[in-house]
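Welcome, and please open the structure in your viewer. We will go from stop to stop, with something to select at each one.

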Amino acid sequence: MEVTDLTVAQLSEKLVKRELSSEEITRQFLNRIERLNPKLGAYITVCPDVALEMAKTADLRMAKGDRVGPLTGVPIALKDIFITKGVLTTCASNILKNYVPPFDGTHSLRLKNAGAVLLGKLNMDEFAMGSSNEFSAFGTVKNPWAVGHVPGGSSGGSACAVAASLCIASLGTDTGGSIRYPASHCGIVGMKPTYGRVTRYGMVAFASSLDQAGPMTKTVRDCAILLNTIAGFDPNDSTSLNLPVPNYTGFLGKKVCGLKLGLPKEYFVEGVNPEVSKAVIEASKVYESLGAKLVHVTLPHTRYAVPTYYIIAPAEASANLARYDGIRYGHRSKQKDLVSLYRKSRTEGFGPEVTLRIILGTFVLSSGYYDAYYLRAQKVRTLIKNDFLQAFEKCDALLAPVAPEPAFKLGERIDDPIKMYLSDIFTIPVNLAGLPALALPCGFSGERRGHPPLPIGMQLIGRPLSEGTLFQIGYAYEQETKWHLKRPSL
Amino acid sequence: MRSQEAEKPRGNEYEPVIGLEVHAQLATNTKLFCACPTRFGDAPNTNICPVCTGQPGTLPVLNKMAVEMAIKAALALRGKIQEKSSFARKNYFYPDLPKGYQISQYEFPLSMGGFLDIEAEDKTKRISIQRIHLEEDAGKLLHDRGGIEVSHIDFNRCGVPLIEIVSGPDFSSAKEAVAYFKKLRSTLVYTDVCEGNMQEGKLRCDANISLKIPGSKKLGTRTEIKNLNSFKFLEQALIYEIQRQAKVLDNGGTVLQETLLWNELQGITFSMRSKEEAHDYRYFPDPDLLPLVVESGWVGEIEKTIPELPDAKASRFMNQHGLPSYDAKVLTAERGLADYYEECVSHHANPKKIANWILTELLCELKERGIAVSQISMPPRHLATLVASIDEGVISGTMAKSIFLEMLDTGKDPEALISEKGLTQIGDEAEIEKIVAKIIANQPENVKRYKSGKTNVLGHFVGEVMKATGGKANPKLANEILRKKLQ
């Protein structure tokens, strides 16, 4: 096994034992990125100088015997939506193609303080709007298991990089499924924490009431380690929860015997690819064999989730993206009058999907339509949330598929927005309800003419602030199976 | 046709209906949603940060002191503090608005209701206040530097906390509007929530105005005049706009609903072309901020910090100090002046005379020198001593006036000045008698004239005594002695 295939936990051990240095492994990653990124498109920016400097600093700390943590010297990469001081941050958009932030976001700071090494910034759908990473101004990302297929989005670059060992771990963001969906398509672990568990300061805003940052890793343990580092109150974010953060790795290894897992019937309907349903049902059987109980639950308002989301998210996005006006930073089109400056800068800067959502969002907030659309959608949102809370009276967590089918082919959905939006049918309700969810691999689709086996993922959805329990349940399954040990051949 | 025309009201027979929206900058140290200083006058773009310049990935965090000051202002204006209020995004594009939206309050403002009593044109009137809410200020656009086709933006002001105070459409004249604006400013300065310096833009006013046909219930089309930052401009702009609208109506036209600015050089209102279309601000609750929950306990604590307000203070000056209404009103217009006056009185209990000195001598000098009350170098104790000296007969009123200016310029103690210049009034009867005797002896003609009934010659003699003593004789005493001697 190559060192780049190591998990965070494994690498950290080797670094502490001085079997490996951070500089060595960072160089390995940089080489691998140079070799494979042209084919996969996972990175927008690689920062070798910054990375090596951070690696050397980490090595020095460890040599001195300073107190180190599980991320010290560990090479990671961040979705290009995270604000990194001095390192280009584009959100995969032309409008920020030259934006180098003068400050660090909290995520970047917390990882720096933990001694992690930043390899670079990862590709994504522009401003996190997309499910396939085909809407980037910096090229499409390929699924490392089958390069003719999408990796999922919007954190496509993150999922691809972790799966292809172009970094050990990554942070992504999830507004309607953008961590879980690509994690599922790339066969890795991804967690969307409870809304407010992780700060949003330093994460470029898409939909403020839905966005959450979360780890994307090879294993559940790695995911817990990363969440330990980034979770917790941030005074810079008024919506960040001021509540203690448990030690998430402490939940790993706890038994699941006696826990109740709910299977929501609306997530196992006819439209779901039979291989996906099969894989998730098999996973439920593994849980049964471990002593968990399966319960059937219903989430009756599920079918309203996608339309609700596609009113609320674009509405908030239309306001959040108003600051990209060519005045203070980012792309500015040289024009003679103000209105033209605004129009041209934004037309030239934004891609088609972003433009579509801004127009949609502006419409649903406009005078005469606000009540019928935005206000109403927020009310339906409450109903969706209540569905979950009621289900949790019967079970400790829900088990469901992440995507209705494995990764589709590049270009297959790009002209059909509705079909594209329906990819998120199982992930969106969780964001609307603000709940935590953990995605992990549970199988592969069969080999077919035209593509190799594609990963299938499942998600565990929990009560607010139950990330520990989700790790517990996810880890139990992971240790019973071998999905997390598979690697794509590149 | 003709009879209809004859029935149409002319010019000043219309009833103006005016409402004011006042924006006041709260006197906090830092901005509403970030920790940048709110200091005025610093070099451009030095009091900025990622939050108030709308960098990607930034979020607002509410300034508690701003909320406290807003509550205090609302209480002073008798508003009802809402236990729960929320912030909304007001969306529009303009270079001085970095996020492309202003964080304000829309559906659920901090305070509802309230009133302010004003006096205008010899009448008292209660002006209703509809609401008071918190919002952030925008940056400042500068058009006159560098190249012709280049504008600059200074974001120092961006994010400074404002309260917007919306009155009912209760004003029927420009004078009423000005009286309200003045009283409002005074109230805000009294409560220390606003510095009130209008040249620095701490207080601005938008006026909505329409004309009503008397007797009709229907309101006319209203125009809005924005950004009036002086009492003078408010009055002038309103007077002009009333007349302009009247002329339009008189000529059978309709008033256009427009947003106007006041051009002080030409003395006209003119349309803000770029804002002619009605804005759809697409207000929605800001998801980055939690609803503002204000506990009644906290409100109660804040209420206790409200000082005696102008009206109550003026009443007290009238009742306890016996000051006439006009004097009391002028003294209490500015809290600094009222405090100064009261401190003087605490040292020497002659309120009427002290009030007089302040209103005539002091205020006049302050105005001429362009000094604010807060910058007076003469401590109240000194002015009190000066007046006390007159009352005790130590110096004459004239003498006092002569050293007053020096006291103001140097801050010197009057007692020191009096002894330094040897101004102590001659109150010694024997000394004055000696001088009187001399004068009478030297001016027999005048004595004859006085005795023949020309009593005004006495004034001349008193003047002679003053001359002979270098102005130091107690004129009253001189007068008495002269009368005695001339009998």
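## First stop: a surface tyrosine

A:Tyr369 counts as partly exposed because its relative accessibility is 37%; buried means under 20% relative accessible area, exposed over 50%, and partly exposed in between, with a 1.4 Å probe and protein chains only. Before you go on, note that this is a predicted model, in which local features need pLDDT of at least 70, side-chain atom pairs count only at pLDDT 80 or more, and totals for chains, interfaces and linings use all residues. Residues are numbered from 1 along each chain as its sequence is written, chains are lettered from A and ligands numbered from 1 in the order in which they are written, and side-chain values use heavy atoms, with hydrogens and water left out.

A:Tyr369 sits in the loop between α11 (352–365) and α12 (371–391) of chain A. Helices (H or I, at least four residues) and strands (E, at least two) are DSSP runs, numbered from the N terminus.

## Where the two chains meet

How many residues does the contact take from each chain? Chain A gives 38 residues and chain B gives 31 residues, contact meaning heavy atoms within 4.5 Å. About 2,700 Å² is buried between chain A and chain B, and carbon and sulfur atoms give 60% of that area. Buried area is the accessible area (1.4 Å probe) that two parts lose on being put together, summed over both. Select A:Ser238, A:Arg323 and A:Arg328: in chain A, these lose the most area to chain B, together 22% of what that side buries.

Next, pick out A:Arg200 and B:Asp288. They form a salt bridge, with the closest N and O atoms 2.9 Å apart, and the count between chain A and chain B is one salt bridge. The term stands for a side-chain nitrogen of Lys or Arg within 4 Å of a carboxyl oxygen of Asp or Glu. On the side of chain A that touches chain B, α9 (305–320), α10 (338–349) and α11 each supply at least two residues. The largest share of that side, four residues, comes from α9(A).

## Salt bridges within a chain

Over all chains, the count comes to 41 salt bridges. Start with A:Arg27 and A:Glu23, whose side chains meet at 2.9 Å, N to O. These two are four residues apart in helix α2 (residues 22–40) of chain A, so they are separated by about one helical turn.

Move to chain B and select B:Lys175 and B:Glu235, a salt bridge with its closest N and O atoms 2.7 Å apart. B:Lys175 lies in helix α3 (residues 174–190) of chain B and B:Glu235 in helix α4 (residues 231–250) of chain B, so the pair ties together parts that are 60 residues apart in sequence.

Then show B:Glu308 and B:Arg316, whose side chains meet in a salt bridge (2.8 Å, N to O). Salt bridges that share partners join B:Asp192, B:Glu308, B:Lys313, B:Arg316, B:Arg335, B:Asp339 and B:Glu342 into one network.

## Two residues to look inside for

Is A:His107 buried or exposed? A:His107 counts as buried, because its relative accessibility is 1%. Find A:His107 in helix α4 (residues 106–113) of chain A. Leaving aside neighbours within four places in sequence, A:His107 is in contact with residues including A:Phe82, A:Leu171 and A:Arg200.

In chain B, go to B:Gln25 in strand β1 (residues 15–25). B:Gln25 is buried too, at a relative accessible area of 6%.

## Last stop: the backbone

Select A:Gly153 and A:Ser154, which are joined by a cis peptide bond with omega of about 5°. A:Ser154 is in the loop between β3 (117–122) and α5 (156–163) of chain A.
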